[in-house]
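Me: Could you take a close look at one part of this model for me? I'd like to hear about the place where the two chains meet.

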Protein chains: 2
Amino acid sequence: MRWVRFTADGRTAYGRIEGDEVAEVSGDPFDGYAETSRRHRLASVRLEVPVVPPTFYCVGLNYAEHIVEAARKLGIKADLPEKPDVGYRANNALVAHGEDVVIPPDATEKVQYEGELVVVIGKEARHVSEADALQYVLGYTIGNDVSERTWQKSDRTLWRAKNSDTFKPMGPWIETDVDLDSLVTSVRVNGRETSRFPTNAMIHGVARYISAISRYITLKPRDIIWMGTDGHSPDLVSGDVVEVEISGIGVLKNRFVKATAAT
Amino acid sequence: MRWVRFTADGRTAYGRIEGDEVAEVSGDPFDGYAETSRRHRLASVRLEVPVVPPTFYCVGLNYAEHIVEAARKLGIKADLPEKPDVGYRANNALVAHGEDVVIPPDATEKVQYEGELVVVIGKEARHVSEADALQYVLGYTIGNDVSERTWQKSDRTLWRAKNSDTFKPMGPWIETDVDLDSLVTSVRVNGRETSRFPTNAMIHGVARYISAISRYITLKPRDIIWMGTDGHSPDLVSGDVVEVEISGIGVLKNRFVKATAAT
């Protein structure tokens, strides 16, 4: 099932995708919902970020090749994570499928994508085992963890390098029926494929992260966990269109636009 | 004016403190409110976290003495921040004045407090100058940035060291009338003062942080910025009661309790 959050007729709601239509519900898939008689053409609604999380978790390093490449660029020794320490991103940066990523006017040329699987938590999770962890997942969506590498290197934290406004495209919807092992992530820039990797070839997988986090932290419905990326990105320039596809989930497409002044 | 978020008669609402009473409003100080005729005794309501932020910002290093002390404990060179790079904390960890801080069963003895001024954003802020920045502040409250120093040193991120459930007490209310330069932060453990510092003796102040963040990030109503701490804390043990007082704002009081098993 695909859950979409959308705006139509001046109202933002959740709906289920059925063919080329959206069947609007009242309520939402987290706290409960009821059917309505309202249906919309999928092509005519405005897609919204599929969920705004209470807490926005993000795995920084979770694929071997990406870690080796990132370490090389930063001039440090590659260091594969032995345990699932999770990090954070910020809600201000979220934008939906189809919205522009606005590159700040003083950003350097080192603006890059990271195509990521996003876990959407459906039920409160505390002290759950790896074996049970996936029962707490509502579904999966796609994220683009846009990064300005010069700031990532120069700043004490990732605040503007990873969390400048519009740097976290997420969508287009939440897919609930997913076979993790069969997923493939691919990224295209202006239609040309630039990355491809098996989505689930993670150092620490989804179930391990949920279980580990839940030992200290109560995961809440709507929380999201971005699972990291593999490979590396070319430097993106104004006008580039980036599509992150995860087979079986969908395509997250956003144009990158350099701001010309403080806006 | 003091805004309090509270629960009484099974309803959570905002109210203004008037003497020993709370004058309940409908709505809230962020999106607008209206007076009601409902009044409660302050002593009889349950205080809630005064705001749940869309994004939870936190300044890690903002007072010289704390940086020197932290560097010494981590065995690294002290490095005063030249620019206002902001970090993040997580909503799952928020608890109100009066609630227990639950120390995880496998935490080491290095559990410490950090008494902090908390800025509560009242209006959307983007590209604001330092001179204008304080106009975007609704008011100030108090935070205790509880930290497990062993995990802070061993983990790649601050997830469990700083964001385990209950590690972020905040409250008791939002004070809107504050003269930053006159504030003094003091901390008491079981009634004995263990820290005292002028709250506004920051390396980078509130206005500078708001202005710097807003160059890349839209600050939203309800966002909070924890402004860092000075000095250092003794190691806390189960049963300790920690009070963080900021003169002119109030006292945030929480008991620390070690969990005996997975709960």
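How many residues does the contact take from chain B and from chain A?

Reply: First, the ground rules: this is a predicted model, where local features need pLDDT of at least 70, side-chain atom pairs count only at pLDDT 80 or more, and totals for chains, interfaces and linings use all residues. Residues are numbered from 1 along each chain as its sequence is written, while chains are lettered from A and ligands numbered from 1 in the order in which they are written.

Now to the contact: 25 residues come from chain B and 25 residues from chain A (two residues touch if their C-beta atoms, placed from the backbone, lie within 7 Å). On chain B's side, β7 (87–88) and α4 (159–163) each put in at least two residues; helices here are DSSP runs of H or I with at least four residues, strands are runs of E with at least two, and both are numbered from the N terminus. It's α4(B) that gives the most, with three residues. Sorted by class, this side of chain B has ten nonpolar, nine polar and six charged residues (Ala, Val, Leu, Ile, Met, Phe, Trp, Tyr, Cys and Pro are nonpolar, Asp, Glu, Lys and Arg charged, and the others, Gly among them, polar).

As for the two sides, 100% of the interface residues of chain B are also interface residues in chain A, so the copies meet through the same surface.
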